[in-house]
Amino acid sequence: RLCELLDNAGRGWRKLAELAGAEKRFRCSVEELEMCSLKVLEPRGSPTQCLLQLLAERDCTLRYLLGCLERMGHEQACRVLSSAVQDGIRITVQPESQVVAEGTQVSLTCCATGPPGLMYQWFCGRQEVPGATSPELVIDTATPAGQWYICRVNCGATFTFSRWAHVQVEKSSSPSSGSGYCPSMAGLQILRQPRPCRLAEGDTLVLECRAIGNPPPQYQWFRNRRPVEGAQAPQLQVKLVTTAERGSYSCHVFNLFHEVWSQEVDVEIGEGPRQTSVTPHLLSWGAGVSHSVTAPPSPVLAATDKVALLIGNMHYLHHKQLQAPIVDVHALGALLCQLNFKVVSLLDLRKAEMQMAVDEFLLLLDKGVYAGLLYYAGHGYENFGNSFMVPIDAPSAYTSEHCLCVQRVLQEMQQRRTGLNIFLLDMCRKRNLNDDIIPQVGALEVTANIVFGYATCADAEAYELSQGELSNGIFVTFLKRWLLEDEKITVLLDKVAEDMGTLEITRGRQALELRSNLSERRALTDPIRPPGQDESSARNLQWAKAHVLPESRHLCFDCGVTVQLGFAAEFSNIMIIYTRVVAAPKDITKCEARLTDIPEELDVDLKCTNKESPEELGSPLAPVWSLGCPSCCLYSRVCGLQKLRQELAFTVCLQYRYQGMDDFVEERQRVNVGRPLIAKLNLQ
């Protein structure tokens with residue numbers, strides 16, 4: 001129905017693409033828009049259908065799509081889609097607990113997104129507040145008694161509640177107000193100052209600054225005169241601190257009219273040297289006078305290149321089969337490509353192939369390269385503080401000698417002098433009772449550029465989340481929501497951890513664990529500044545080898561039939577081959593071209609070759625790569641290209657029937673397409 005409405009409207013689907021592209025991850029390239037527009041040339045083609053498919057691949061929600069249609073002013077399309085938004089109420093601004101002076105007014109705010117026609121109702125305890133039916137509630141604190149408030153947001157019978165907010169009222173004669181606080185004069189007063197502390201590495205840092213004011217105060221924490229990202233609450237909490245968190249902390253408290261700074265406090269961690277304190281007079285000003293305070297700009301960090309290796313193991317020979325890695329690796333790879341990463345993505349590797357893939361990955365690294373994205377999804381375990389990735393050919397009672405040790409890979413990456421090393425391990429971390437060997441990995445260098453994101457805690461399992469025919473790992477389900485954000489990578493992973501904590505079915509069973517000694521504000525979005533043409537050209541050539549598809553070609557048969565042979569990549573080691581009859585003499589009534597004699601070392605399921613539709617291949621990613629394929633083809637899926645010991649050769653078998661004849665005639669052509677994709681790297 002949406003296709004009917006938007007295909008026929010003037011710039012309907014193009015306007016939708018323009019508005020959806022306001023969010024970076026939903027922005028379509030010129031080539032993608034052209035691909036959509038060409039759908040009008042197909043008998044049942046639809047530009048809108050193609051656009052919606054692109055948005056769906058990037059995890060666009062119905063709510064976001066509805067918002068775009070509302071901005072277009074397309075009421076019919078909005079009505080069509082509104083019926084699909086059932087549980088769309090989401091609270092975006094929660095009311096905050098506050099401490100205020102007696103006799104002043106205080107406002108609580110609750111904002112929500114969802115279907116059109118949202119309604120609000122505030123409660124004080126269990127009682128409705130009469131007339132309080134807007135997002136903002138203004139309270140007159142005439143009495144010192146504290147109260148709890150909550151807001152209900154509903155659309156018809158669907159509703160949700162905000163969290164509780166407590167309004168604490170301070171008497172004018174109380175000690176905390178004894179300094180002569182007067183809302184009409186100062187506008188802000190700090191009631192609780194942060195305190196200096198000394199901690200050991202691994203402890204939790206907690207600093208608190210509480211203030212009262214009208215309008216309600218806002219907070220921003222600073223360390224060494226630089227704002228702490230995401231620290232905009234009265235309490236600053238940092239778990240598992242390292243020496244990177246040493247320094248002088250202060251809190252900037254402000255509202256619409258006034259601002260004030262807390263006292264500075266020193267935070268000591270470990271035995272390292274103290275950071276230089278910020279001179280207090282640099283942060284002072286006259287009472288009641290508003291000044292804009294700008295922290296000195298941080299130096300712009302850049303990468304000489306950005307490289308990622310993504311490995312997903314699913315089809316184990318002696319262990320439980322997994323479903324999620326194919327979807328997770330593809331989703332992560334697509335997002336990293338948007339961030340200009342060079343991505344190599346591989347599925348189902350044996351131990352020797354995993355080791356060779358890592359070795360080739362290391363060749364892409366050099367000083368300053370953001371090497372960090374080594375993502376692994378599959379079976380794994382952790383013994384004596386070392387993490388092990390399990391290849392698909394591991395025996396039933398595997399030990400460390402059958403697996404790859406992550407810490408050894410990190411050592412090799414450090415030798416390449418990379419700028420940032422990120423490991424995202426989407427695997428279980430249970431102890432392996434078959435393995436009593438303590439690996440002698442050796443000491444790692446102190447480089448302050450390592451980030452580990454574990455999908456689960458030590459001695460715990462990682463889970464998959466089934467959604468119809470698709471399965472996502474819990475980790476990637478939440479990671480892909482934040483991956484494109486311009487945040488320090490540790491801040492980004494903290495947000496992923498908070499999101500994962502909201503999932504009820506895994507609460508208490510799986511929680512993201514972050515380990516880091518990263519001292520600089522390095523982000524996945526940092527720009528690339530190549531150091532020199534020779535270095536970057538060599539790296540680009542090495543990467544390009546793993547991404548070159550054979551060129552499409554036309555095969556001419558003696559009977560006069562012409563067959564197109566085309567190729568598409570699903571991963572760096574999985575290729576789709578399709579055949580299509582593009583020309584045939586008039587006296588030939590039926591013909592089709594099938595693939596046969598595919599090398600035995602490749603993983604080819606004969607039940608999933610020469611299929612009339614992409615969906616019949618059994619790949620959940622068929623809707624993605626099939627967008628670039630012509631219609632009326634026979635499709636075959638060839639896996640395990642890393643196993644090729646020689647060039648890929650196969651036979652195209654043409655079967656056709658002349659008019660008035662019952663029997664089929666057969667012609668064959670042998671085709672050699674060289675070493676496609678990852679096969680060029682000779683991982684054997």
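A residue counts as buried when its relative accessible area is under 20%, as exposed when it is over 50%, and as partly exposed in between, using a 1.4 Å probe and protein chains only. With a value of 9% relative accessibility, Asn-386 is therefore buried. The model is predicted, so local features need pLDDT of at least 70 and side-chain atom pairs count only at pLDDT 80 or more, while totals for chains, interfaces and linings use all residues. Residues are numbered from 1 along each chain as its sequence is written, and side-chain values use heavy atoms, leaving out hydrogens and water.

**The whole chain**

- The protein chain holds 13 helices and 38 strands; helices (H or I, at least four residues) and strands (E, at least two) are DSSP runs, numbered from the N terminus.
- Of its 684 residues, 49% count as buried.
- A contact means heavy atoms within 4.5 Å. Among contacts in the protein chain with a separation of 6 or more, 70% join residues 24 or more positions apart.

**Helix 2 and its cover**

- Helix 2 spans residues 12-20, and its buried residues are Gly-12, Trp-13, Leu-16, Ala-17, Leu-19 and Ala-20.
- These residues sit on the same side of helix 2, because they cover an arc of only 165° around the axis; the arc is that of the directions from the helix axis to the C-beta atoms.
- The cover over the buried residues of helix 2 includes helix 1 (2-7), helix 3 (30-37), helix 4 and helix 5 (62-72).

**The second largest pocket**

- Rolling a probe the size of a water molecule over the atoms shows where empty space is left.
- The second largest pocket contains about 680 Å³ of space. Its lining has 21 residues, and the closest to the centre are Lys-39, Glu-42, Arg-44, Ser-626 and Ser-631.
- Here is how that works: on a 1 Å grid over the protein atoms alone, a pocket is an open set of points where a 1.4 Å probe fits, with protein on both sides within 12 Å along at least five of seven lines, and lining residues have an atom within 4 Å of a point. Grid points are joined across faces, edges and corners, and the volume is the space filled by probe spheres set on the points.
- This pocket lies between domain 1 (1-85) and domain 5 (548-680), because both give residues to its lining. The domain bounds come from an automatic or database domain assignment.
- Helix 4 (residues 47-57) gives the most to the lining, with three residues.
- By class, the lining has 10 nonpolar, six polar and five charged residues. Ala, Val, Leu, Ile, Met, Phe, Trp, Tyr, Cys and Pro count as nonpolar, Asp, Glu, Lys and Arg as charged, and the others, Gly among them, as polar.

- Asn-386 lies in strand 25. Leaving out residues up to four places away in sequence, Asn-386 touches Tyr-381, Cys-405, Gln-407, Pro-439 and Val-441.
- Thr-651 is in strand 37 (residues 649-658) and is buried, at 6% relative accessibility.
- The C-alpha atoms of Thr-651 and Arg-594 are 8.2 Å apart, although 57 residues separate them along the chain.

**Two positive phi values**

- Most residues other than glycine have a negative phi.
- Asp-59, not a glycine, has a positive phi of about 65°. Asp-59 is in the loop between helix 4 and helix 5 and is partly exposed, at 30%.
- Phe-384 also has a positive phi, near 55°. Phe-384 sits in the loop between strand 24 (380-383) and strand 25 (386-389).
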